Amino acid sequence: MASKREILEELLAPVVESLDCELWGIEYQTHGRNAMLRIYIDAENGISVEDCEKVSRQVSAVMDVEDPISSNYTLEVSSPGMDRPLYKLDHYRRFIGAQVEMRLRMPLEGQRKWRGLIAGVEGDEVVLRIDSENEYLLPIDSIEKANIIPQFED
């Protein structure tokens, strides 16, 4: 059975793509009787406020018709930003060589929070290099949350 996030992604990806944007990812969180639907969009030349407004209007219209969320919810459309979240193996492939912070669903070697360099992708696992001597293969399904650590040049 598909998760709510997967159902929303399947429904909304064509809408976002029709507006010349990429659906980078979706976060769906419930808070009591209310929910938050956060949609991250991206484009080759970046995302403007106008892009977010345009996608928000179209997504709202589709959500009103399809009604995949029965409770009250807040819709937020945003660029992934410099500390972009990573959701799919393709995201990790695009950012090989980048520093990342991760939180795992279950502890590995006694810890859930990890920080390191994305060294590659093997099958359905992300290769995380912690230092020159330690690399870990992390199944994509074991990663609860991951974000790029922005690097600023002097």
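**A note on the fold and helix H1**

1. Read along the sequence, the elements follow the order α-β-β-α-β-α-β-β-β-β-β, giving three helices and eight strands. Helices (H or I, at least four residues) and strands (E, at least two) are DSSP runs, numbered from the N terminus.

2. A word on the basis: this is a predicted model, where local features need pLDDT of at least 70 and side-chain atom pairs count only at pLDDT 80 or more, while totals for chains, interfaces and linings use all residues. Residues are numbered from 1 along each chain as its sequence is written, and side-chain values use heavy atoms, with hydrogens and water left out.

3. On overall form, the C-alpha atoms fill a box of roughly 55 × 35 × 25 Å along the principal axes. Of the 154 residues, 37% are buried (under 20% relative accessible area, 1.4 Å probe, protein chains only).

4. Now to H1, residues 4–18: its 15 residues should span 21 Å at 1.5 Å a residue, and the end C-alpha atoms, 22 Å apart, agree with that. The expected span is 1.5 Å times one less than the number of residues.

5. Just after H1, Asp 20 has a positive phi of about 60°.

6. Leu 12 is also among the buried residues of H1, which include Leu 8, Val 15 and Val 16. The buried residues of this helix pack against strand E1 (22–31), strand E2 (34–42) and helix H2 (49–66), with contact meaning heavy atoms within 4.5 Å.

Key:
Buried < 20%, exposed > 50% of the residue type's maximum accessible area, 1.4 Å probe, protein only.
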